[in-house]
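Me: I am new to this structure. Please take me through one part of it closely: how do the helices pack against one another?

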Amino acid sequence: MRKDRKNWRYPTTLLCIYGFFSTVKPLEPFLIPYLTGPDKNLTTEQVNNQIFPVWTYSYLSVLVPVFLLTDWLRYKPVVVFQCVMLFITTAMILWTKTVPAMQAMQFFYGVVTASEVAYFSYIYSVVDLKRYRKATSYSRSVQLLGYTVGSVLGQLLVSFDLMSYNNIMVFTLVLTGIALLSSCLLPMPEQSMFFHRRHTRQKTATEATKSNRDGTVDATEHITVDFEESVGAEGCSQVLLQLWRDFCQCYSSRQLLYWSLWWAMATCGYNQTVNYVQVLWEHVQPSQNFSIYNGGVEAVSNLLSAATSYGIGFTEVRWEKWGELALGGFSGLGAAALFLMTSINNIWVCYTSYVIFKCLYMLLITIAMYQIAADLTMERYALVFGANNFGALVLQTIITSVVVDSGGLGLAIIPQFTIYSSYFSVIAVLFSLRGLFTIWKAQRNKKGTMKQNQHIDSSGSQQNKKTRDHCIMLYDRQCGHCMSLCQVALDKKSYFAGENFQLAVTAF
């Protein structure tokens, strides 16, 4: 593994190949037309109220166990397992038709999404710290490229009738098989964050039983020794306790707590919107009567979202002051976009509003990630980001069980999106008020600081006059050497002219 850590391009390239082929899903933008069409013959109500909610429950139930197993098994086995689950999910979409089978498919897909933590954590265990930025950039950007290529490819295949939906799924299975092969070739990490830690310490020559030729031992010589500390089953309680301590320490910051609250609330609403937006599009414009462009819309939204997120890195804004107001204002725009999707029965308005909504969310989540990361050490990124996503998933489960699930209200798609737009309106009001309060507090502190500085300047001027007069009095009594030093201080009008003079006298 030491060789692999030096040759960081090998594991990074394999992980990028895996990330690309596992995210090229040409049929994903057309999943609802496929399930509700003649191939599967499911109803929109069955898909919306009985099948899709299972993903949320599955994701929530396996997220924490998968997070701990990822660290325990050192990432690679979970990456391979994720791809196996993805292959099973794709195969079930292709070869099953009943509602229970599709619900089982959604359960497996929940395991796939919960296992993404292994993909994003693996690279940090096999490359050196100085390569983190490049490795992260490559692994994340290649996923976006995969989603975009999949959306464009799907749109071309559907628009030009080059493949049937079933053949597209077979093609997706082949791509998933390539991803599975690349995951098996990944090198096995030797360390992880909690259960398998690698330490470096200095070992003395005495400990190494190394002697000189004359028989004496050079106790000052040190040897750098790497050793691995693996936590056994009996140490799991200590690991969990340390996780809890880190969690409490991270969220002791009130500023971080507010940003994390927005993260959880907004991600919940975003996931609900993305999961069910195809059902809304199908309701507004049935695919049997219209040439749909879901793939093109997804591709455009991904590219614009990436450009928006990238542009944030070049904006000079004091987000600690204006960030919460930005969260509220842009969340309000997102709420307006969702409201347009439900109030105007036009597919192009729906497409445009969706692109705007997705770009706004990606913009804000990038700001939130940056602000939270600024207050954290590297070792706590995964913990805080995972905790925020878990909070979002809990909220999403509540909303799904009450609003979407047939066991709850089982609302139709238009009332659902009305609730989502109202949900984002509440977020906008809360964080706009919080942002205004933050700005008012900052202005009040600034005025208080200015008054305090004015008082200090006034007091300092009076003290300076006294010191200057004292220095002039002593200046007349001293020899030329001391007087020259004092004159320099007087010429510069230093507050400490008298002190400089006293130092000159001491030196003399």
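## Helix against helix

Reply: Start with the contacts of the whole protein. Take those with a sequence separation of 6 or more: 80% of them join residues 24 or more positions apart. The model is a predicted one. It has 18 helices and 2 strands. Its chain holds 508 residues, and 44% of the residues count as buried.

Now the packing. Two packed helices are described by the angle between their axes and the distance between the axes.

Begin with α5, residues 76-95. This helix has 20 residues. From its first C-alpha to its last, α5 reaches 29 Å, close to the 28 Å expected at 1.5 Å a residue. Of these residues, 14 are buried, so α5 is largely enclosed by the rest of the structure.

One partner of α5 is helix α7, residues 116-126. The two axes come within 8 Å and cross at roughly 140°. The crossing is left-handed. On the α5 side, the contact uses Lys76, Val78, Val79 and Gln82. On the α7 side, it uses Glu116, Ala118, Tyr119 and Tyr122. By class, the residues of this contact are 5 nonpolar, 1 polar and 2 charged.

Look next at the loop between α4 (44-72) and α5, where Tyr75 sits. Tyr75 is not a glycine, yet its phi is positive, at about 70°. Its relative accessibility is 7%, so Tyr75 counts as buried, the cut-off being under 20%.

Another loop runs between α8 (132-159) and α9, and it holds Asp161. Asp161 also has a positive phi without being a glycine, here about 55°. Asp161 has a relative accessible area of 65%, so it is exposed.

Helix α9 itself covers residues 165-184, 20 residues in number. At 1.5 Å a residue, α9 should span 28 Å, and its end C-alpha atoms are 29 Å apart, which agrees. Its buried residues are Tyr165, Ile168, Met169, Thr172, Leu173, Leu175, Thr176, Ala179, Ser182 and Ser183. An α-helix has 3.6 residues a turn, so residues three or four places apart point the same way.

**α11 and α13**

Helix α11 covers residues 254-284. Helix α13 covers residues 319-343. Their axes come within 12 Å and cross at roughly 20°. The cut-off is 35 degrees, so α11 and α13 are roughly parallel to each other. Their crossing is left-handed.

From α11, the contact draws on Gln255, Tyr258, Trp259, Trp262, Thr273, Val277, Leu280 and Trp281. These meet Trp319, Glu320, Gly323, Glu324, Leu327, Ser331, Leu338 and Met341 of α13. The residues of this contact divide into 10 nonpolar, 4 polar and 2 charged.

At 24% relative accessibility, Tyr258 counts as partly exposed. Leaving out residues up to four places away in sequence, Tyr258 touches Glu324, Phe431 and Arg434. Now compare sequence with space. Tyr258 and Ile372 are 114 residues apart in sequence, and their C-alpha atoms are 9.8 Å apart in space.

**α12 and α14**

The last pair joins helix α12 (residues 294-312) and helix α14 (residues 347-374). Their axes come within 8 Å and cross at roughly 30°. That makes α12 roughly parallel to α14. This crossing is right-handed.

The α12 side of the contact consists of Asn294, Val297, Glu298, Val300, Ser301, Asn302, Leu304, Ser305, Thr308, Ser309 and Ile312. The α14 side consists of Tyr351, Tyr354, Val355, Lys358, Cys359, Met362, Leu363, Thr366 and Ile367. By class, this contact has 11 nonpolar, 7 polar and 2 charged residues.

Definitions and conventions: Residues are numbered from 1 along each chain as its sequence is written. This is a predicted model: local features need pLDDT of at least 70, side-chain atom pairs count only at pLDDT 80 or more; totals for chains, interfaces and linings use all residues. Side-chain values use heavy atoms; hydrogens and water are left out. Axes are lines fitted to C-alpha atoms, for helices over the stretch in contact, and angles run from 0 to 180 degrees between N-to-C directions. Helices (H or I, at least four residues) and strands (E, at least two) are DSSP runs, numbered from the N terminus. Angles under 35 degrees count as roughly parallel, over 145 as roughly antiparallel, 65 to 115 as roughly perpendicular and the rest as oblique. A crossing is left-handed if the near helix is turned anticlockwise from the far one by less than a right angle, and right-handed if clockwise. Contact means heavy atoms within 4.5 Å. Ala, Val, Leu, Ile, Met, Phe, Trp, Tyr, Cys and Pro count as nonpolar, Asp, Glu, Lys and Arg as charged, and the others, Gly among them, as polar. The expected span of a helix is 1.5 Å times one less than its number of residues. Buried means under 20% relative accessible area, exposed over 50%, partly exposed in between (1.4 Å probe, protein chains only).
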